[in-house]
Amino acid sequence: MVMIVRLVVAWATVAAFAAFGGGWLGGLATPLAAAGLFTWLFAVILWSAFGVVHEAEELADRLGEPYGTLILTLSIVIIEVALVAAVMLGAKAAPTLGRDTMFAVIMIVMNGLVGVGLILGGLRHHRQNYNLDGAGAYLAAIIPLTTIALIIPNFTLSTPDGSLTVVQAAAFSILTVVLYGIFLLLQTGRHSDFFTDLVKPGALTPEKAAPHPDAGTGAILRHAGLLVVSLLPIVLLSKSLAAILDHGIAALGAPSALGGVIIAAIVFTPEGISALKAIRRDQLQRAINLCLGAVTSTVGLTVPAVLAIGLISGQKVVLGLPPAQMAVLAMTLLLSVITFSRQGTTVLEGAVHLVVFLTYLTLIFSP
């Protein structure tokens, strides 16, 4: 019933903006109207994102790991790319939006979510275990992907401002797609066991675990269809939200990076809640799959998408981070290697990640 109501509200909003959106968006100079439209679209898109996550989790229960989590992270990346593309293709150029969104995702997930999650898990379960091989595989992909995307553009000689030449953009896109593709082959192939829970003493092994009671082809197709019809309104409404977001940031004189933070928050709030629930249930491996998988998919797929949009539209795309943010990124990667390089996590690791996240927020609002 909730899903039906959610879909009715989402598609009714799509219809309303298709019919009257031009007039509504023309009245953004009125602060109350702009705030009302933003609140409406933000709420509908976020609620629809919860629907996408719900259906992806239903598929995850039926397909098992790592396929279920992979579907979820890819669905989230589609939402992210749609929102970023809508802003980039809007009236005002946004050369740093892709960079800001990717960096916001990394900080929110690898420091904010991981920090809060490890603190909650440590307080509730004292020490939580996970599959060390899986965490190591994620980090092995995340470190080069983020370095290629967000750091190396600052040190190329062809451009002075963290942007890329056409040859560099094409090469970096190919490299990130190839690396992400290799990671997917590992995740879904011979090393898929890296991304499943370690068997605890007395627990059922994967071979003995009971199958989902409704795991037939019909159920899988039904949930896949619901996932698609939940995803489409987000894509269709993203252009309207982008126009309001762009106007609001300019009117308030807010830092341009705030747009990336808002998009990242919309995209990853539902998935973040799922990760925190998994941690409270002592399913740290699922939470790691959600968090680190989200970062891997975001950088691996958003970089080529943003660069392709820039090349096709002729827009300048700046990927290189400012120096202070590069330092925070390097600290995050080093800290993540330390956190996920030994078996078991405690409250201490969570507190340190949370401090880094608060440092990031400080830099956003007081650069």
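Guide: Buried residues make up 50% of the chain's 367 residues, where buried means under 20% relative accessible area, exposed over 50% and partly exposed in between, with a 1.4 Å probe and protein chains only. This is a predicted model, in which local features need pLDDT of at least 70, side-chain atom pairs count only at pLDDT 80 or more, and totals for chains, interfaces and linings use all residues. Residues are numbered from 1 along each chain as its sequence is written, and side-chain values use heavy atoms, with hydrogens and water left out.

Visitor: OK, how many helices and strands does the chain have?

Guide: There are 11 helices and zero strands, taken as DSSP runs numbered from the N terminus (helices H or I, at least four residues; strands E, at least two).

Visitor: Switching to His-353: buried or exposed?

Guide: His-353 is buried, at 0% relative accessible area. It sits in helix 11, residues 347–365.

Visitor: And what does His-353 contact, leaving aside neighbours within four places in sequence?

Guide: Its partners include Met-110, Asn-111, Val-114 and Leu-335, with contact meaning heavy atoms within 4.5 Å. Thr-339 is on that list too.

Visitor: Which side chains does the 2.8 Å polar contact join?

Guide: Those of His-353 and Thr-339. A polar contact is a pair of N or O atoms within 3.5 Å; within protein, one must be able to donate a hydrogen and the other to accept it, and residues adjacent in sequence count only if both atoms are side-chain atoms.

Visitor: What about Val-8, buried or exposed?

Guide: Val-8 is exposed, with 53% relative accessible area, and lies in helix 1.
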